[in-house]
Amino acid sequence: TKTATAKEYGEETRQCSRCSEKETRQTPKLDFPTEFTSSVYTYSAADGLITGIAPQTTVESFFGNMDNSEYIKIFGVDTKEITDKTKVVTTGMKIKLMENATSYSAEATIIIKGDVNSDGKANTTDVVRTNFHCLGNGVTLVGAQLEAADFNGDGKVNITDVVQMNLTNPGILYTHRKNDQRKASGVYIIMKKITLSPKEPEIFS
C-alpha cells in the first residue's frame, strides 16, 4: 500500500477473503495545493524563497496573508515547528505545505529584506552587519541572511544595499560627514537622522 499525495498516485492492495488472491489498484492524487500562493507575498518555486514580508510581522499575520494557510506549518531556524502565533516571523524560517503529519508538497525559506541577523527586525544592527560584509570586516553573510541583505533585489550585496537600508532606517546613516559622529572600525556612524541636500553629495563608506 502506498499513500497518495498531491504529486503522486497511491496504491491500494486488497486480498480476497475466499481465494486469497491479491489485487492492487491505483488511488487518485490528493486534491491538495502543491505551491504557495498569496496576494501579498511573492513565492519563487525556482529559488524556494518567499519574500515581500514586512519586518516584525507575526506568525498570525503571516498566515492571514497566505492562501491555504490551514495546510501550512512554519518552522524556526532551529527546525522546530512554531505554534505560538504571536511570535515574529524572521529571515531563515521555513514554511511547508503539509500533506499529512510528516510529508509535504512544497517548502520555502522566508526572506525579510533588511533582516540580516534573523531577529525579524530591520534596524541599525542589520545595516552594520551588511556594511561590514561589504568591507570584509569580520562578517560574512551566507544563505538566507545574504538574500536578506540584497535589499534592492539585484542579486548582489554591495554598498548600494547599505545606502538603501540606511535611507529606510530613521535611526542611522553611514557617511563621512564630520558632525555628531563617532568612528568604529573605519566606518563613520551618524547617531541622528540627517536630511541630505541635493547640492551636497555624500561619499558613503
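A crossing of two helices is left-handed if the near helix is turned anticlockwise from the far one by less than a right angle, and right-handed if clockwise. Helices (H or I, at least four residues) and strands (E, at least two) are DSSP runs, numbered from the N terminus. With these terms, the crossing of α2 and α4 is left-handed.

This is a predicted model, in which local features need pLDDT of at least 70, side-chain atom pairs count only at pLDDT 80 or more, and totals for chains, interfaces and linings use all residues. Residues are numbered from 1 along each chain as its sequence is written, and side-chain values use heavy atoms, leaving out hydrogens and water.

**Confidence**

pLDDT is the predictor's confidence in each residue, from 0 to 100. The protein averages 81. At least 70 is reached by 78% of the residues. Residues 171-205 stay under 50. Where pLDDT is low, the predicted coordinates should not be read in detail.

**The helix pair**

Helices α2 and α4 pack with their axes 9 Å apart, at an angle of about 165 degrees. Axes are lines fitted to C-alpha atoms, for helices over the stretch in contact, and angles run from 0 to 180 degrees between N-to-C directions. That makes α2 roughly antiparallel to α4 (an angle over 145 degrees). Contact means heavy atoms within 4.5 Å. On α2, the contact residues are Asp-126, Val-127, Thr-130, Asn-131 and Cys-134. On α4, they are Ile-159, Val-162, Met-165 and Asn-166.

**The open sheet**

Five strands form an open sheet with mixed pairing, in the order β3-β4-β7-β6-β5. β3 and β5 stand at the edges with a single partner strand each, so one side of each has no neighbour in the sheet. From one strand to the next, the twist averages 30 degrees.

**Two strand pairs**

Two strands pair if DSSP finds at least two bridges between them. Here are two such pairs.

| Pair | Sense | Bridges | A bridge partner pair |
|---|---|---|---|
| β5 and β6 | antiparallel | four | Ile-74 and Ile-95 |
| β1 and β2 | antiparallel | six | Gln-15 and Lys-22 |

β1 and β2 form a hairpin with six residues between the strands. In this hairpin, Ser-20 takes a positive phi near 65 degrees. Glu-23 is found in β2. Leaving aside neighbours within four places in sequence, Glu-23 is in contact with Glu-12, Thr-13 and Arg-14.

Definitions and conventions. Angles under 35 degrees count as roughly parallel, over 145 as roughly antiparallel, 65 to 115 as roughly perpendicular and the rest as oblique.
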